[in-house]
Amino acid sequence: MIAALTPKTPPPAPAPALTLNPDVAIEILLKARLFDVKVPQTDPDSGSNASDDDSVDALEFGAGDDTRHELVSAISDLNDDEQQDLIALVMVGRGDVTLDDWAEARQTAAGIGRARTPRYITDSPRVSDYLEEGLSRFNHSVGDYLDRH
């Protein structure tokens, strides 16, 4: 009889549906992680040998560095809804919103617009960490992705 008098808490609401394929989001996350570690080039005319200097130039942006281009291209290849999900995932991962605010986050992302989305992502420090955290709220992980691929 006591159990009948105890109010039941409702089960948690299911996570909203992602328009963006989680595997595609993780591929962008991995490209962003490579981009995040890059620093501006400090000595463009360096004549050093990569084997002698521990390849430190590999962590610098340079004329022949395609890291940013590959990230921007991957983001630009997404449709509008997928780009909105990508930005909303960053917002969730950063703690700006919760999954309960998903629709609002997507509306905010829509306001950023298609043309500015790649720059929004590339200009956000630690964006790969935020994407990873956002995806974890949807029960997707980089580890699971890597195990499958």
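Predicted model: local features only at pLDDT ≥ 70, side-chain atom pairs only at ≥ 80, totals over all residues.
Asp85 is found in helix 4, where helices are DSSP runs of H or I with at least four residues and strands are runs of E with at least two, both numbered from the N terminus. At 0% relative accessibility, Asp85 counts as buried; the term buried stands for under 20% relative accessible area, exposed for over 50%, and partly exposed for what lies in between, with a 1.4 Å probe and protein chains only. Residues are numbered from 1 along each chain as its sequence is written, and side-chain values use heavy atoms, with hydrogens and water left out.

What does Asp85 touch, its neighbours within four places in sequence left aside? Asp85 is in contact with Leu18, Thr19, Leu20, Trp102 and Arg106, contact being heavy atoms within 4.5 Å. A polar atom of the Asp85 side chain lies 2.4 Å from the backbone nitrogen of Thr19. For reference, a polar contact is a pair of N or O atoms within 3.5 Å; within protein, one must be able to donate a hydrogen and the other to accept it, and residues adjacent in sequence count only if both atoms are side-chain atoms.

Gln84 also belongs to helix 4, which spans residues 80-94. Gln84 is buried, at a relative accessible area of 16%. Residues up to four places away in sequence not counted, Gln84 touches Arg106, Ala109 and Ala110.

In general, an α-helix has 3.6 residues a turn, so residues three or four places apart point the same way. Gly113 follows helix 5 and has a positive phi, near 90°.

Next, the aromatic rings. The structure holds one aromatic pair. The ring centres of Trp102 and Phe138 are 5.1 Å apart and the planes stand at 70°, so the pair is edge-to-face. By the criterion used, rings of Phe, Tyr and Trp (its six-membered ring) pair if their centres lie within 6.5 Å; planes under 30 degrees apart count as stacked, over 60 as edge-to-face and the rest as tilted. Trp102 lies in helix 5 (residues 102-112) and Phe138 in the loop between helix 7 (127-136) and helix 8 (142-148), so the pair ties together parts that are 36 residues apart in sequence. Trp102 is buried at a relative accessible area of 6%, and Phe138 is buried at 8%.

Let me turn to helix 7. Its buried residues are Val127, Ser128, Tyr130, Leu131, Gly134 and Leu135. They cover an arc of only 160° around the axis, which puts them on the same side of helix 7. Their cover includes helix 2 (22-36), helix 4 and helix 6. Arg94 lies over the face of Tyr130, at 5.9 Å from the ring centre; a charge sits over a ring if NZ of Lys or CZ of Arg is within 6 Å of the ring centre and within 35 degrees of the ring normal.

Arg94 is also in contact with Ser124, as is Asp36, once the neighbours of Ser124 within four places in sequence are left aside. Ser124 is found in the loop between helix 6 and helix 7, and counts as buried at 10% relative accessibility. Arg126 lies in that loop between helix 6 and helix 7; Arg126 is partly exposed, with a relative accessible area of 48%, and has a positive phi near 60°.

Finally, the chain as a whole. The chain has eight helices and zero strands. Of its 149 residues, 33% count as buried. Residues 24 or more positions apart account for 74% of the contacts with a separation of 6 or more.

Conventions
Arc of directions from axis to C-beta.
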